[in-house]
Amino acid sequence: MKYKIAAIALGLLMLNSCAWHRKQAKEQIRLPDSIDMLFSAVDESETFGDADSLIATVDSLCSAPIIVSGALHLDSIQGKIDLMLNVDSEDVANTTPAQHQRLTVSLNEFKFRSLVNAQVRMKQAFQQEEQYSGCRFDKQISNMLPYIQANKRYGKIKCDLLLRTIRNLDSLQAPDARKRAWLAIDRMLDEIDLQKSEVEYEPFQRSPRGIFTTKGELLAALKQQRENEKDTAISQQADEIISRIGKQLSEQVDSAFIDEVEFVKEANRRFRFELAKSDTLSYPEAVSNATKNQADRTAADWFHEGYHARDDKQKIQCYSRAIELDRRYIAAYNNRGNAYMNLGLLQLALADFNQTVKLDPQFALAYINRGNAFKQLKMYPDALQDYCSAIKLAPFVSAAYLNRGNVYQNLGKNQAAIHDFEKTIQLEPESYLAYHYRGISYANLDLFEEALSDFSEVIRREPSFAPAYQHRGNAFRGMGNDSLAIRDYLHAIELDSTYAAAYNNLGISHKNLHQYDKAITAHRKALEISPDYTAAYYNLGCVYWALRQWNEVIRTWEKCLEIDPLHENARKWLKKARREASDSR
């Protein structure tokens with residue numbers, strides 16, 4: 001039997017045989033699929049019964065040394081995981097405040113451990129070579145994407161659960177609840193390899209990125225909570241956790257592990273090349289060809305140098321050298337296209353994405369990247385076609401829906417855009433951008449209450465995201481509340497002092513409140529930041545119109561038309577402004 005297997009799957013198999021297994025053997029970490037046991041506590045009314053019994057059940061599931069019960073495929077995992085994530089302490093009837101606090105901590109840890117279990121079992125399912133038998137190689141990248149997307153989503157939820165448990169220590173009054181929370185934090189951190197997370201090997205890695213900006217902030221947060229502890233035993237427990245985590249963070253990653261990861265990356269690349277050369281190559285033959293002649297890796301060396309380069313020009317040089325040595329290096333074409341796009345060289349980016357799709361017609365991400373280039377060029381029909389192709393190939397990849405929604409929004413098809421943003425949220429509930437863009441579409445349809453709800457959700461998740469404040473301000477203004485709009489515009493400007501659109505909209509709200517001097521200052525600031533900002537010129541002219549300063553109106557709108565000769569409103573009202581100026585002489 002001949003086997004065709006995706007490149008990263010090979011890497012996972014190889015990594016599984018070395019560092020991963022050594023860690024498992026050393027620490028004896030085995031995780032259960034115990035969600036069914038949780039739901040065995042549900043009574044006939046579809047609510048959870050006795051709180052103390054449920055706490056005991058969940059605590060036992062979190063502490064028992066249990067094993068993974070076998071591989072599960074993605075479609076078998078997602079529904080059960082989503083059902084489990086919706087469980088809340090509010091679902092338990094007649095709980096006291098102390099029981100509620102205790103149960104919240106226990107459920108957070110249970111959810112965390114269940115997600116780890118899901119990731120391990122997805123990995124096992126992904127590694128089963130029977131899944132790939134008889135499949136063409138060029139279909140494997142698309143097969144991988146749903147697994148990687150789901151793994152990324154579960155990783156983010158895990159980080160959020162850990163962070164929530166740390167932050168919620170402030171709200172826990174009962175000593176036993178605080179003690180239980182520190183135990184949960186300790187065991188959660190033990191499931192995240194803080195050292196190896198810095199190694200850039202992403203698929204199915206247990207990464208803490210996203211918990212805190214830096215490792216130092218993680219320690220600082222734990223120490224801050226430790227200072228609030230009054231119970232001696234709990235303080236000692238916290239000190240032991242902080243000491244262990246501090247020691248782990250200070251240690252260097254084992255160089256052997258880094259070498260293994262780099263070997264996996266290189267073997268993946270060579271394995272893919274070997275399979276791409278022949279439709280008749282068997283799995284053992286591909287592995288053999290991919291792992292021999294280890295010294296002859298020039299193209300891969302250039303690729304990896306480009307991958308790790310921070311400068312896009314350097315990336316382009318490195319990927320170009322890799323392509324010179326390997327004309328079928330699909331990843332090099334794709335990544336070089338992204339680098340060209342970052343530099344605004346969109347035609348060159350399109351050429352590379354075209355070549356990527358030609359070499360691998362089933363590579364969904366290449367269609368998304370090419371669609372992004374078309375979108376920047378405002379070639380919306382072409383962008384839509386590529387996003388639709390990506391969705392057909394990989395219906396579980398949220399980026400295709402998010403970007404297609406952007407195109408629909410640009411075309412004024414806001415209902416279609418909302419549908420795509422809702423699908424994005426369904427696939428990736430942590431995507432604050434999907435809420436943000438859906439809010440914009442709601443506002444475009446004058447559904448300001450819905451827009452406010454979405455922008456407020458974005459701010460709750462990403463309080464430093466300036467555009468959410470700016471657009472929420474627009475929604476407030478649409479509802480006639482310019483005072484609240486001004487508050488949000490100022491907040492956006494505080495976060496980003498170069499935010500020209502926020503200054504422009506700030507000027508509009510000041511004008512609505514007859515605060516003309518402040519409006520002029522805001523519009524001028526927008527033009528200082530963006531000298532060709534036609535909307536700011538037009539709105540500044542409107543302020544001067546309200547003040548009946550006709551010469552300023554004429555000068556401002558003439559400048560607007562100099563930049564955009566097709567600006568309809570400026571052209572329409574400029575004639576009347578000239579008549580008013582003539583009559584006032």
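The model is a predicted one. Helices H12 and H13 are roughly antiparallel to each other, and the structure as a whole holds 0 disulfides. Ala502 is buried, whereas Leu433 is partly exposed.

**Helices H12 and H13**

- Helix H12 spans residues 298–308 and helix H13 spans residues 312–325.
- The axes of H12 and H13 come within 8 Å and cross at roughly 165 degrees.
- Because an angle over 145 degrees counts as roughly antiparallel, H12 is described as roughly antiparallel to H13.
- The crossing in which H12 passes H13 is left-handed.
- On the H12 side, the residues that meet H13 are Thr298, Ala299, Trp302, Phe303, Glu305, Gly306 and Tyr307.
- On the H13 side, their counterparts are Gln314, Lys315, Cys318, Tyr319, Arg321, Ala322 and Leu325.
- Sorted by class, this contact of H12 with H13 has 8 nonpolar, 3 polar and 3 charged residues.

**Cysteines**

- Cys318, one of the H13 residues that meet H12, has a relative accessibility of 3% and therefore counts as buried.
- The number of disulfides in the structure is 0.
- Cys560 accordingly is in no disulfide, and the nearest cysteine sulfur, that of Cys542, lies 9.5 Å away.

**Ala502 in helix H24**

- Ala502 is found in helix H24, which covers residues 500–512.
- The relative accessible area of Ala502 is 0%, so this residue is buried.
- Apart from neighbours within four places in sequence, Ala502 is in contact with Gln470, Tyr489, Ala492 and Ile493.
- Ala502 and Ile486 stand 16 residues apart in sequence, and their C-alpha atoms are 9.4 Å apart in space.

**Leu433 in helix H20**

- Leu433 has its place in helix H20, which covers residues 432–444.
- With a relative accessibility of 26%, Leu433 counts as partly exposed, because the buried class is limited to values under 20% and the exposed class to values over 50%.
- Apart from neighbours within four places in sequence, Leu433 is in contact with Leu402 and Phe465.
- Leu433 and Ala468 are separated by 35 residues in sequence and by 9.4 Å in space, C-alpha to C-alpha.

How values were computed
Residues numbered from 1 in each chain as written. Predicted model: local features only at pLDDT ≥ 70, side-chain atom pairs only at ≥ 80, totals over all residues. Heavy atoms only, no water. Disulfide = S-S within 2.5 Å. Buried < 20%, exposed > 50% of the residue type's maximum accessible area, 1.4 Å probe, protein only. Axes fitted to C-alpha atoms, helices over the stretch in contact; angles between N-to-C directions. Helix = DSSP H or I, 4+ residues; strand = E, 2+ residues; numbered from the N terminus. Parallel < 35°, antiparallel > 145°, perpendicular 65-115°, else oblique. Left-handed = near helix turned anticlockwise from the far one by under 90°. Contact = heavy atoms within 4.5 Å. Nonpolar A, V, L, I, M, F, W, Y, C, P; charged D, E, K, R; others polar.
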